[in-house]
Amino acid sequence: MAKKRPQSKAGKPQLKDGEIPVVGAREPCPCGSGRRYKACHGRAAAQAVTELVQRPFEGLPGECDWVALRELVPAATVALPLKGGLPDGVPSVTLATVLPMAWPALRRDDGSVLLALQNDTSSGDLSRDLADTLQRALEAEPGSPVTARRVPADGPRLQDLLDPDAAFEPVVHPGFEFWVPDSENAAPEVSASLERANAAAIPTTRLTGVDAAYWCETPEKNHLRWVMPHPEEQLLDALARLHAAGASSLGEGTRLVGSFRAHGLMVPVWDLPSSMGAQDCEKPAAQFAERLTDALASDAPLTGDERRARGGLTNRQVTLS
């Protein structure tokens, strides 16, 4: 029979939960219990870090655009005002879809901060990961990138750091030249990353007449992808009503082909003719928004045709995150 390993006795008074620091998983827990951290207070910390937050951007201005910039848009930036204003030596904070070398954030030579949105994250709460990166970028030395790290489970979220009353106004760019003030004199590795990123970027435009709708161009056909804030079941019912009535398209040659879920929100997708540009979508999208508002207001039971339309839309859903 294998001998049991004797547990070490506590060599110091036990700490309160709020005083216990994070240590390595196999190290003794700082609380003084004598157990390893992973089997003691590290267990709750690990669960808190990995628990998935379904809507990480909920409560932020422009939640739908946050989702779009995270999942749909290749190159875009947004000015981020902070609660209480910017720290000394930081002239601006800007959210960017991606940064060169896949950096999570960058403190530029002039002290300004760029925060990347599309990077991989270490926990189940994207908002907490981004807030941790932002805080470290604000304190970084000018001219240095910020690397990824494991985020504390009790750290702040974006909702704690950003001004809740400030508008969220994305600027979509044709390429990634916003990465560097002087792209012609950039370092070779940054120039190479810039060239690769520009070559892979899909032309994308944000519509101006409706919220969080993005036109994009592909070789065979164009698409409109529209992030919507409505509860999923209610939105599916409304889309089904319109689809059964032949009112779900955006005009001749267009078709509502399905939707996907991203960060707790639904994103309906339309196929468009290759000849239909972003400007051509403005009026049909505004008209569709009016029809959708009426359909969302209906609480009548779905008809047979509407139930079949809803089933078809449900079967064509894909979950991205």
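Residues are numbered from 1 along each chain as its sequence is written, and side-chain values use heavy atoms, with hydrogens and water left out. Because the model is predicted, local features need pLDDT of at least 70 and side-chain atom pairs count only at pLDDT 80 or more, whereas totals for chains, interfaces and linings use all residues.

The protein chain has eight helices and 12 strands, which are DSSP runs numbered from the N terminus (helices H or I, at least four residues; strands E, at least two). Of its 321 residues, 46% count as buried, that is, under 20% relative accessible area, with exposed meaning over 50% and partly exposed in between (1.4 Å probe, protein chains only). The chain exposes about 17,100 Å², of which carbon and sulfur atoms supply 51%; the areas come from the Shrake-Rupley method with a 1.4 Å probe, and for residues only the protein chains shown count as cover. Among contacts (heavy atoms within 4.5 Å) with a separation of 6 or more, 60% are between residues 24 or more positions apart.

Six strands form an open sheet with mixed pairing in the order β5-β3-β4-β2-β1-β6, where two strands pair if DSSP finds at least two bridges between them. Its edge strands, each pairing on one side only, are β5 (144–146) and β6 (171–172). Within the sheet, β3 (residues 105–107) and β4 (residues 113–116) pair in the antiparallel sense over three bridges, and Arg107 has Val113 of β4 as its bridge partner. Helix α3 (residues 126–139) packs on the sheet, where it touches β2 (93–96), β3, β4 and β5, and its direction makes about 160° with that of β4; axes are lines fitted to C-alpha atoms, for helices over the stretch in contact, and angles run from 0 to 180 degrees between N-to-C directions.

The axes of α6 and α7 (residues 278–297) come within 9 Å and cross at roughly 115°. The contact involves Gln234, Leu235, Ala238, Leu239, Arg241 and Leu242 of α6, together with Phe288, Arg291, Leu292, Ala295 and Leu296 of α7.

Ser248 lies in the loop between α6 (232–244) and β10 (255–262) and is buried, with a relative accessible area of 5%. Its side chain is joined to that of His243 by a polar contact of 2.7 Å, a term for a pair of N or O atoms within 3.5 Å in which, within protein, one must be able to donate a hydrogen and the other to accept it, residues adjacent in sequence counting only if both atoms are side-chain atoms. Leaving aside neighbours within four places in sequence, Ser248 is in contact with Leu242, His243, Leu256, Trp270 and Phe288.
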